[in-house]
Amino acid sequence: MKKVKTGLIGAGGYGAMYVGLLSAYHEAGQLEFAAAVVRRPEKIPDAVARMKNLGVRIYPDSAAMYQSEQLDLVCIPTGIEFHEPMTLEALEH
């Protein structure tokens, strides 16, 4: 069975929970945690290191991630005001 290639937009704050969950699913072989958008990696160095250790590619913005990745699923734990535009952008890709 093909693993769901997964991306994450937002790894700080509430997104930290997603980093933990996606990392655990990746380590268990249940999905491929492939990419993450982290605008300020210096604010969450432990999360960035954890993702990089798993081979997750880190991008500064969603445009760069979508240009380089073909994802099956994108998790978007961001502020409510960003949910609609970021969801529409994800669906376009």
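Where does S62 lie? S62 is part of helix α3, residues 62-68; helices here are DSSP runs of H or I of at least four residues, and strands are E runs of at least two, numbered from the N terminus. Keep in mind that this is a predicted model, where local features need pLDDT of at least 70, side-chain atom pairs count only at pLDDT 80 or more, and totals for chains, interfaces and linings use all residues. Residues are numbered from 1 along each chain as its sequence is written, and side-chain values use heavy atoms, with hydrogens and water left out.

S62 counts as buried because its relative accessibility is 13%, and buried means under 20% relative accessible area with a 1.4 Å probe, protein chains only. Leaving aside residues up to four places away in sequence, S62 touches I9, V37 and E89, where contact means heavy atoms within 4.5 Å.

Let's move to helix α1. Its buried residues are G15, V19, L22 and S23. They sit on the same side of α1, because they cover an arc of only 105° around the axis, taken from the directions from the helix axis to the C-beta atoms. These buried residues pack against β1 (5-9), β2 (32-37), α2 (45-53) and β4 (73-75). After α1 comes G29, with a positive phi near 80°.

Conventions. Buried means under 20% relative accessible area, exposed over 50%, partly exposed in between (1.4 Å probe, protein chains only).
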